[in-house]
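Here is a structure to look over. Take a moment with the sequence and the fold before reading on.

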Amino acid sequence: MAGEDKTVSGMAGRYASALFDLATEAGQVDQVQADLARFKALLDGSDDLSRLVKSPVFSADDQARAVAAILDKAGIGGLAGNLIKVVASNRRLFAIEGVIRGFGALVAKARGEITAEVTVAEALSAAHSKTLSAALKDVLGKEPKIEVKVDPAILGGLIVKVGSRMIDTSLRTKLNSIRTAMKEVG
């Protein structure tokens, strides 16, 4: 069962595992995943909703009422809607993003999907994306789902994370290594 799975952990992981088990039994994994993705998009697109979710100032009743209204308006119901309402009424709404991530990780694992988190200094062109995808496929043995994050602070190069493995070829890391080596010499 997913409850024994080490893919997710902590309180958010327990909610994600329970939801995954229920969705699997009901044959609604795709629907739940789509509903959670819509709620995540709402969170990402609204500072007010994000504040409601993360702020301890709002009571559980206020959060539950607000979330119920938002879910109704967005047409998010079923297992995902019920879980979000339960999380809100239990005063755990601050963990909903972790629940959504955990559910996604459980779905990916069940489907045998691999996700590579790639951090770059600037957006990748289509040609670079294709080259990166091919290189990762050669290393991993199958086509990964690539999640690209742009972080200008790395200056150049890229950072690739697949599961617990990380390869950091960023210019910032190389410069820090040179700086450390120079300190040791002097």
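What follows is a short briefing, grouped by topic.

This is a predicted model, in which local features need pLDDT of at least 70 and side-chain atom pairs count only at pLDDT 80 or more, while totals for chains, interfaces and linings use all residues. Residues are numbered from 1 along each chain as its sequence is written, and side-chain values use heavy atoms, with hydrogens and water left out.

**Overall layout**

- The chain has eight helices and four strands. Helices (H or I, at least four residues) and strands (E, at least two) are DSSP runs, numbered from the N terminus.
- Along the sequence, the pattern reads α-α-α-α-α-α-β-α-β-β-β-α.
- Taken along the principal axes, the C-alpha atoms fill a box of roughly 60 × 40 × 35 Å.
- Of the 186 residues, 34% count as buried. Buried means under 20% relative accessible area, exposed means over 50%, and partly exposed is in between (1.4 Å probe, protein chains only).

**Strands and their pairing**

- Two strands pair if DSSP finds at least two bridges between them.
- Strand 1 (115–120) and strand 2 (145–150) pair in the parallel sense, over six bridges. V120 has V150 in strand 2 as its bridge partner.
- Strand 1 also joins strand 3 through five bridges, and these two run antiparallel. Here E117 is partnered by K161 in strand 3.
- Strand 3 runs antiparallel to strand 4 (residues 165–168), with four bridges between them. V160 finds its bridge partner, I167, in strand 4.
- Strand 3 and strand 4 form a hairpin with two residues between them. G163 in that turn has a positive phi of about 60°.
- Strand 1, helix 7 (residues 126–140) and strand 2 make a right-handed β-α-β unit. A crossover is right-handed if, with the strands pointing away from the viewer, the path from the first strand over the helix to the second runs clockwise.

**The aromatic pair**

- A search of the whole structure finds one aromatic pair. It is formed by F20 and F103 and is edge-to-face, at 6.0 Å centre to centre and 65° between the planes.
- F20 lies in helix 1 (residues 10–26) and F103 in helix 6 (residues 96–111), so the pair ties together parts that are 83 residues apart in sequence.
- Rings of Phe, Tyr and Trp (its six-membered ring) pair if their centres lie within 6.5 Å; planes under 30 degrees apart count as stacked, over 60 as edge-to-face and the rest as tilted.
- F20 counts as buried because its relative accessibility is 11%. F103 is buried too, at 1%.

**Pockets**

- The largest pocket holds about 950 Å³ of space. Its lining has 30 residues, of which R101, G104, A105, T115 and E147 lie nearest its centre.
- Helix 6 gives the largest share of that lining, 10 residues. Among the other elements that give two or more residues are helix 1 and helix 2 (29–45).
- By class, this lining has 12 nonpolar, nine polar and nine charged residues. Ala, Val, Leu, Ile, Met, Phe, Trp, Tyr, Cys and Pro count as nonpolar, Asp, Glu, Lys and Arg as charged, and the others, Gly among them, as polar.
- The second largest pocket holds about 200 Å³. Residues lining it include E117, E147, K149 and K161.
- A pocket is an open set of points on a 1 Å grid over the protein atoms alone, where a 1.4 Å probe fits, with protein on both sides within 12 Å along at least five of seven lines; lining residues have an atom within 4 Å of a point. Grid points are joined across faces, edges and corners, and a volume is the space filled by probe spheres set on the points.

**Residues to look up**

- Most residues other than glycine have a negative phi.
- R91 is not a glycine, yet its phi is positive, about 60°. R91 sits in the loop between helix 5 (78–89) and helix 6. R91 is partly exposed, with a relative accessible area of 34%.
- L155 also has a positive phi, near 70°. L155 is in the loop between strand 2 and strand 3. L155 is exposed, at 52% relative accessible area.
- V67 lies in helix 4 (residues 60–74) and counts as buried, at 1% relative accessibility.
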